[in-house]
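The exercises below are to be worked with the sequence and the model side by side. Try each task before reading its solution.

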Amino acid sequence: MQLDFLGDLKRTLRCGELRATDAGKTVTLMGWVNRRRDFGNLIFLDLRDRAGIAQIVFDKESNAGIHERASELRNEFVVAVTGTVKLRDAANVNKNMPTGEVEVIATELRLLNESRVPPFLPGDQAVTASEETRLKHRYLDLRRSEMQFNIELRHRVALAIRDYLNSQGFYEIETPYMTRSTPEGARDYLVPSRVHPGEFYALPQSPQIFKQILMISGFDRYFQIVRCFRDEDLRADRQPEFTQIDLEMSFPTEDTVFAVVEGFLGAAFKTAGYEIEKQFPRMSYDEAIRLYGIDKPDMRLPAMTDVREAFPLDVLQTLAADAELPVVAIRIPGVGELSRKERDEHKTLLSEKQSKAIKFFDDFKRLEKSWPDTVAKIKQLTGAAEGDLLVVVAAPQRTEIGDARKSRRQSEEVYKTAGQLRLALAQRYAARHKAFEGKQFKFLWVTDFPMFEWDEQDGRWNAAHHPFTSPHEQDMAKLGGGVAAARDINSALGDMRSRAYDVVLNGTELGSGSIRIHRQDVQSQIFEAIGMDLEEQKNRFGFFLEALQYGTPPHGGIALGLDRIVMILAGAPSLREVIPFPKTAAATDLMADAPTPVSETQLKELGIVVKK
RNA sequence: GGGGUCGUAGUUCAGUUGGUUAGAACGCUGCCCUGUCACGGCAGAGGCCGCGGGUUCGAGUCCCGUCGACCCCGCCA
């Protein structure tokens, strides 16, 4: 088919911008053929661009040549149309479209490009293609109005955040993408060095050390909307490369950091059309575990209640539950009457291991027959109303007796298992309680995380947040057990609380940060507590330990996942819906077909020998 | 690393206890229609049932392996 050149033709406005006020004007529209409808001597052409769809009319009687040409147009062809904007007759107005009051009577048509028949039509109302097909032809998928909206939303959110942080005196400063591997936490993506065969850069998991060094350098308010890389297995809400809103401040307290985050989240949500609380509620880690059984509570549903006091000792004994461990009631409001079959399915919500660790009771009609007072008391303690689902979780018996730390660990297990059951039940009955519907945003700060957590695999304590997190002042004395304490599950390290905090939205961890260590001696002790002797410290973090010795100001910060924020604002089920070119669950790019093998020449240059 | 769901026309799917020539819808091609906008009517093309092996007289269907997509656990300081 004969193609036309654009020549000096100028687009006057976007198709989707056409309005009744343009009536009488001559306009030039450019876009993709969304759909052609022939009707005898008339051709209706829906022309689409990022702003929307306009209807072009080709009339054979008034212009046979252009009508003939228009009949050759196919879906996704790129055209430029010049014509006169005309108000539609009342009968032909389409109220479902912003441009539905007008149409363009075409006087000139230029075909700028053809298109192969696409595997799916970007103009279709709903997604008709599988995700695999969409990802393979991502350029077509991104033409869909939903994706255009998501990407625009992402742009606006990032812009609002930049504006806000700029107004608060933050500089956006870039940090290297090719840096040093400091294998702690996630696996690194490595980049081989040609100049230094056998040596590697690492892509940053976060700009953590660089932003701390920027504080040492006197840039007291830094931020960066920055790509980070982690070579770990994917999930719906985890991509190997993702974008963080990363910030750091000198001389802050927790309050200072919280206020900045509350400020920019307010601006970001406002640009999407939502007002959120000026200040988010706060809760310590211990409280979160006790009330929700998880460190990222979903506040859209009520907390759990310890109902131990409702059970007289003899009842507990009959139920073979342990009085020293928590008895936790889960309440999901407005679920209504459950069938026997539905209640039977509750067992399947927990793993085998979890089921063994707890007992749960959800048949209150039966419990009520034997122990009416207990059930009445539980209802009172939980504030249960008619139609609320109540489940009581108890531990059968203590496995580790005597030691306060051991018993605390087991209590925590009960809370956590109950918390998982709570979430699983909430998910299971989401259609009935409706608490997850609509745009309801429940933010929360979780504070005072444990400094260390026990690493079962390595048999040592590990930094719960990261090893640059400051412990609480009053817990400093618990340090100093040296490398021996690092290997002892019962050492005082397990009691230490840190100045780490998470910002949580509807049960999703949006971001995580801390007040950092600014003293070299403390930093070194923390490294030691996670089993790193001086030699290893010097090898891996020598440059940083040295920098800390040159007048490091107290500092702290946070990093939030931009992708997750946009995902929640868009109401999307996965990060892939808000990332233009995402990876599949197997970390591949279906469109570009990455990763790929590389040539032997390339490998040779890098000094890499691959055994076949 | 482990568990689960899925893979059939360009696309999204159906396909009964294994049994003639593998279907539908949308899309695609051609013709018809002067007011469509999820247009309508008529006609048509389009398939190595992901790939490899096995069981069987016979496999889209059963078994084993493999590749790919998705979800979850582990992992993600």
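**Exercise 1. Contacts to the RNA strand**

Find which atom of RNA strand B faces the side chain of R74, and at what distance.

Solution. A phosphate oxygen of RNA strand B lies 2.6 Å from an N or O atom in the R74 side chain. This is a polar contact (a pair of N or O atoms within 3.5 Å; within protein, one must be able to donate a hydrogen and the other to accept it, and residues adjacent in sequence count only if both atoms are side-chain atoms). The model is predicted: local features need pLDDT of at least 70, side-chain atom pairs count only at pLDDT 80 or more, and totals for chains, interfaces and linings use all residues. Residues are numbered from 1 along each chain as its sequence is written, chains are lettered from A and ligands numbered from 1 in the order in which they are written, and side-chain values use heavy atoms, with hydrogens and water left out.

Next, take the base: an N or O atom in the side chain of Q55 is 3.0 Å from a base oxygen of RNA strand B. Last, take the sugar: a polar backbone atom of H466 is 3.3 Å from a sugar or linking oxygen of RNA strand B. The elements that give two or more residues to the surface near the strand are β1 (26–39), β2 (42–49) and α2 (131–136); helices (H or I, at least four residues) and strands (E, at least two) are DSSP runs, numbered from the N terminus. β1 supplies the largest share, four residues.

**Exercise 2. An aromatic pair and its cluster**

Classify the pair formed by F269 and F443.

Solution. Rings of Phe, Tyr and Trp (its six-membered ring) pair if their centres lie within 6.5 Å; planes under 30 degrees apart count as stacked, over 60 as edge-to-face and the rest as tilted. The count by this rule is 16 aromatic pairs. F269 and F443 have centres 5.3 Å apart and planes at 75°, an edge-to-face pair. F269 sits in helix α6 (residues 254–271) and F443 in strand β16 (residues 443–447), 174 residues apart. F269 counts as buried because its relative accessibility is 0%; buried means under 20% relative accessible area, exposed over 50%, partly exposed in between (1.4 Å probe, protein chains only). One aromatic cluster holds F258, F269, Y274, F280, F441, F443, W445 and Y501.

**Exercise 3. The largest nonpolar core**

Name the residues that touch the most other members of the largest nonpolar core.

Solution. A nonpolar core is a set of buried Ala, Val, Leu, Ile, Met, Phe, Trp, Tyr and Cys residues joined through side-chain atoms within 4.5 Å. The largest has 41 residues, and F264, L265, F269, F443 and L560 touch the most other members. Its largest share, eight residues, comes from α6. Beyond its neighbours within four places in sequence, L265 is in contact (heavy atoms within 4.5 Å) with residues including I276, F280, F443 and L560. Another core, of 33 residues, lies apart; I332, V335, I358 and A435 are among its members.
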